[in-house]
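Trainee: Can we go through this one together? I'd like to start with the cavity lining.
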Amino acid sequence: MAGILVKRLFFFVSVCLAVNLALCTSNNIPNTKKTYIIQMDKWSKPDVFIDHTKWYSSLVKSVLASTPEKESTRDEEERLLYTYQTAFHGVAAQLSEQEVTKLQEQHGVLAVFPETKYQLHTTRSPLFLGLEREDGTKLWSTRLSDHNVIVGVLDTGIWPESPSFNDTGITGVPAHWKGACETGRGFEKHHCSNKIVGARVFYRGYEAASGKINERDEFKSARDQDGHGTHTAGTVAGSVVRGANLLGYAYGTARGMAPAARVAAYKVCWVGGCFSSDILSAVDQAVADGVNVLSISLGGGVSSYNRDSLSIAAFGAMEKGVFVSCSAGNGGPDPISLTNVSPWITTVGASTMDRDFPATVKLGTGKIVTGASLYKGRKNLSAQQQYPLIYLGNNSSSPMPGSLCLEGTLDGAAVAGKIVICDRGISPRVQKGQVVKEAGGVGMILTNTAANGGELVADSHLLPAVAVGEMAGRAIKHYASARNATATLRFLGTKLGIRPSPVVAAFSSRGPNFLTLEILKPDMVAPGVNILAAWTGALGPSSLPIDQRRTNFNILSGTSMSCPHVSGIAALLKARHPDWSPAAIKSALMTTAYVHDNTYKSLKDASSATPSTPYDHGAGHINPRKAVDPGLIYDIGAQDYFEFLCTQELSPSQLMVFGKFANRTCHHSLANPGDLNYPAISAVFPEDSKASVLTLHRTVTNVGSPVSSYHVRVSSFKGAVVKVEPAQLNFTSKHQKLSYKVIFETKSRQKAPEFGSLVWKDGRHKVRSPIVVTWLASL
């Protein structure tokens with residue numbers, strides 16, 4: 001598989017870029033107005049303008065098609081959507097294709113980006129992550145200054161009444177905070193607090209693309225109607241809530257990763273999606289407001305670094321010292337399915353925890369199959385009674401509309417009184433159950449596809465329903481093809497101590513990073529399956545409009561859930577080490593991550609039940625207890641990242657979108673992209689078979705004992721001999737930097753990438769970097 005993956009890599013690149021270009025340029029009628037983001041050179045402002053806003057407005061006005069004078073002013077105001085001035089510099093405006101062409105010719109215009117639509121990447125985890133012990137003692141003292149760390153959450157808003165945002169005992173708003181509490185329907189000034197320190201909304205780009213928000217159906221305020229934003233904010237920094245549960249499931253004490261940190265909610269997602277101009281404005285404003293961490297659980301397609309507005313804004317946030325964490329996406333287990341791949345972004349994949357919600361299917365033969373469910377309703381199936389079982393597919397590998405239980409595909413006469421088997425895919429899992437219920441079915445068995453493997457994601461269904469793995473589903477469907485097939489369903493509550501765990505989630509997006517093979521992505525994995533966290537009061541736990549149940553907490557799965565775990569841990573690390581850069585925090589998380597489960601075997605991939613690779617789990621699973629004291633860190637400054645961009649064959653004008661704010665220029669300090677001081681090491685041998693030796697360089701900073709000595713251990717590879725020089729690093733002071741080089745010498749070019757690791761040890765710390773070796777000559 002890996003050999004095929006690398007062999008096809010550049011074919012995928014060309015196809016993906018071609019498709020993206022086609023999507024951006026199709027249906028472009030010259031006079032049709034669309035939203036564009038215009039990046040400006042801040043330093044080119046003519047002196048005649050008193051501020052940048054006036055200059056930007058004048059530039060846009062100069063290219064607008066002529067309109068009657070009385071409509072001109074109103075048209076200009078409606079066309080100009082946002083001004084960006086902190087992490088990004090420029091404007092968002094509605095323009096025709098002709099107007100864009102004129103604008104690109106204007107002095108000071110660096111780049112123009114078409115509006116892009118993003119989608120959301122939809123408690124036991126503190127204990128599972130070691131943030132506190134079974135005896136209740138905590139890793140971080142409550143006296144630490146984590147009270148002053150502010151996490152900006154870009155999402156669907158927040159439900160301020162949730163007990164997870166209680167500010168009892170939390171001191172006043174940090175002095176560095178410059179944000180605001182914007183009011184609107186359902187959200188007033190008093191909804192902000194010492195916990196929720198700010199709330200803002202961004203919808204101009206959304207409305208320009210989708211029309212005005214219907215304020216009767218949707219809160220045009222920071223109030224969260226969807227639930228996703230409340231869940232992610234609660235995961236980041238939810239206050240301690242005892243007795244938290246979802247309908248009795250996962251009962252216990254809920255808390256966010258950094259329960260004393262503050263939350264600033266930036267609502268950028270609406271019923272119809274999330275738009276890049278709104279997201280960009282939120283990042284820009286959040287950095288100006290004073291956030292320390294940005295948690296962004298959403299993503300779009302992958303564009304080149306200089307064409308990705310979120311990537312450019314994240315670069316600006318990094319320059320200001322803000323840690324940016326993004327979800328990797330839910331495109332797994334397909335390879336090359338990652339989003340948010342820029343090296344200055346921390347890209348987070350998803351894994352399971354050691355908690356499950358078991359449910360069983362008992363067949364008429366007496367065989368019992370174990371699955372998962374969060375069903376808790378009045379109507380339960382009798383364990384002593386068997387119910388007719390039906391599958392409307394043909395047991396082939398290709399599902400049918402009826403087997404997918406899509407709306408309008410089930411015949412009530414055929415399914416009434418029966419347990420219906422439904423294949424995953426196309427429609428939401430809980431919606432399939434509602435279709436079965438409306439058709440008269442008494443229960444549902446939801447079967448995984450081959451892509452999902454044995455991974456079990458629990459849902460709060462509206463009828464008795466059990467999710468089962470792909471192999472178990474096949475067996476049940478085979479049995480259902482017999483005459484008089486029967487079954488019953490049973491729900492067993494919450495089970496802890498699941499082994500093996502963690503496991504890389506099947507849906508978690510995978511590498512490699514096709515923009516730059518030398519930058520290994522994702523960076524790490526964190527809990528993202530069946531996560532209990534705060535929930536909106538506007539929607540039931542199934543998220544279906546018909547669901548009238550209301551709960552304070554809900555259980556969700558996705559890399560959207562894993563991203564805020566990392567954001568919250570980053571907030572804790574920032575509190576403990578306020579002088580650490582975003583790269584230092586990322587390094588601490590990556591080099592202390594583990595790659596073995598609780599059975600002491602290699603982390604597995606849920607989609608295949610085989611060992612996962614760094615393309616699946618990155619550096620490994622986060623380990624906060626180790627990250628607080630990593631020993632050594634790989635630090636990277638803004639100029640270092642810019643030097644990386646200088647290796648990416650970008651033109652001077654393309655580089656300017658990253659370098660103009662600080663007037664950065666290429667010093668050509670990196671021989672190749674793999675020389676970026678990244679905590680992961682990816683050696684890529686070029687196609688030229690004569691190139692048999694590759695040397696990569698790294699520099700580590702001592703953040704442990706002032707006097708310490710580290711020796712190295714490196715994996716052996718079939719295709720290459722790997723040497724590290726020097727093999728020992730002797731530090732004499734804290735914050736001392738020492739460099740080493742890793743020399744790869746090919747002995748047998750392999751058709752597939754090889755994986756291993758490099759570990760520095762001093763008797764107390766293990767500073768681990770994953771290694772990937774790839775030979776492009778195998779194309």
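Trainee: How do the residues lining the largest cavity divide into nonpolar, polar and charged?
Mentor: The lining has 11 nonpolar, five polar and five charged residues. Ala, Val, Leu, Ile, Met, Phe, Trp, Tyr, Cys and Pro count as nonpolar, Asp, Glu, Lys and Arg as charged, the others, Gly among them, as polar. This is a predicted model: local features need pLDDT of at least 70, side-chain atom pairs pLDDT 80 or more, while totals for chains, interfaces and linings use all residues. Numbering runs from 1 along each chain as its sequence is written, and side-chain values use heavy atoms, without hydrogens and water.

Trainee: Which elements give two or more residues to that lining?
Mentor: Strand S1 (34-40), H9 and helix H18 (652-659). These are DSSP runs, numbered from the N terminus: helices are H or I with at least four residues, strands E with at least two.

Trainee: New topic. Is Asn306 buried or exposed?
Mentor: Buried, with a relative accessible area of 5%. Buried means under 20%, exposed over 50%, partly exposed in between (1.4 Å probe, protein chains only).

Trainee: Where does Asn306 lie?
Mentor: In the loop between strand S14 (298-299) and helix H9 (309-319). Beyond neighbours within four places in sequence, Asn306 has contacts (heavy atoms within 4.5 Å) with Phe113, Ile312, Leu650, Gln654, Val657 and Phe658.

Trainee: And how many residues of H8 are buried?
Mentor: 12 of the 14, so H8 is largely enclosed by the rest of the structure. Among them are Ile279, Leu280 and Val283.

Trainee: What follows H8?
Mentor: Gly290, with a positive phi near 110°.
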